Amino acid sequence: MNPIKVVLSDFQYLTREGLVRFIESDPNLQLVEVVEHSQDLRQAIVKHHPDIIILDYEAQKQDLNTLLIEVIKNEFPQVLVITNHDNKPHIRQMLDMGIRGIVTKGCSRMEIVNAIQAIAIGNRFFCNRILDQVVTQPATEEVTCEPADLSPREFEVLKLIIKGQRTVEIADSLSLSVHTINSHRKNILKKLNLKSPAELIVYAVESGMTKLA
């Protein structure tokens, strides 16, 4: 298996050096270029055709935001953001830009490795801290998307899944059998064309369904 080719884009010396050491210490990763300025990012992509861009994200950098939107939409969607911005507005901004992977600087080494591997092959990855922030959005916010073709009972089950309840807890909450809840879970995944509960959570985050939970 060939190592994952990484372009690292970081504008702060200390975090950049830490990420360089992190990447170089993993034999499954190959650091092909380190970019210190956002205007050099596009050139690095064209030159190296990396499997993934790892980016230390600063929400206030408008030039970086503009470049990222253009890169993601037209050229390169495999971007993993490592950020200190774990508040809901910044997370929503990143999701709206099309960023498929977000982890915080407080994540463990294993969680970051898992994120890199997932994003490099075109999947999505959001660390637990990011998911926790988005899943707890208040229900008073405007809903941007609603799941289609789910029955009222399935949607009720779905909201409890998003809240983190287990099958037994959902069954108790709705006064239904565990078998019935399992059937609803399978139907929900099938109707939304998803394969696992993890994909369901990501779908809920991206579609805005978490605001209803």
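R16 and E36 form a salt bridge, with their closest N and O atoms 3.8 Å apart. The model is predicted. A search of the whole structure finds six salt bridges.

**Salt bridges**

- R16 counts as buried because its relative accessibility is 8%, under the 20% limit.
- E36 counts as partly exposed, at 40% relative accessibility.
- E156 forms a salt bridge with R153. Their closest N and O atoms are 3.1 Å apart.
- E156 and R153 are three residues apart in helix α7 (residues 152-162), so about one helical turn separates them.
- E156 is partly exposed, with a relative accessible area of 33%. R153 is partly exposed too, with a value of 31%.
- E169 forms a salt bridge with R166, and the closest N and O atoms are 3.6 Å apart.
- R166 counts as exposed at 57% relative accessibility, because the cut-off for exposed is over 50%. E169, at 33%, counts as partly exposed.

**Sheet**

- Six strands form an open sheet. Their order is β2-β1-β3-β4-β5-β6, and the pairing is parallel.
- The edges are β2 (29-35) and β6 (125-126). Each has a single partner strand, so one side of each is left without a neighbour in the sheet.
- Strand β3 (residues 52-56) pairs with strand β4 (residues 79-83) in the parallel sense, over four bridges.
- I54 stands opposite L80 in β4.

**Nonpolar cores**

- The largest nonpolar core has 50 residues. The members that touch the most others are I52, I54, L68, I99, V103 and I116.
- Helix α5 (residues 109-120) supplies the largest share of this core, seven residues.
- A second, separate core holds 17 residues, including F155, V157, L174 and L200.
- In soluble globular proteins, nonpolar side chains tend to be buried together.
- L68 is in contact with L55, Y57, V79, M97 and I99, leaving aside its neighbours within four places in sequence.
- I54 belongs to the largest core and also has a place in the sheet, where I54 stands opposite L80.

**I181**

- I181 is found in helix α9, residues 178-191.
- I181 has a relative accessible area of 0%. I181 is therefore buried, as the limit is under 20%.
- Not counting residues up to four places away in sequence, I181 touches V157, T167, I170, A171, L174 and L176.
- Two of these contacts, V157 and L174, are named among the members of the second core.
- A171 is 10 residues from I181 along the chain. Their C-alpha atoms are separated by 6.2 Å.

Technical notes: Residues numbered from 1 in each chain as written. Predicted model: local features only at pLDDT ≥ 70, side-chain atom pairs only at ≥ 80, totals over all residues. Heavy atoms only, no water. Core = buried A, V, L, I, M, F, W, Y, C linked by side-chain atoms within 4.5 Å. Buried < 20%, exposed > 50% of the residue type's maximum accessible area, 1.4 Å probe, protein only. Helix = DSSP H or I, 4+ residues; strand = E, 2+ residues; numbered from the N terminus. Contact = heavy atoms within 4.5 Å. Pairing = 2+ DSSP bridges. Salt bridge = Lys/Arg side-chain N within 4 Å of Asp/Glu carboxyl O.
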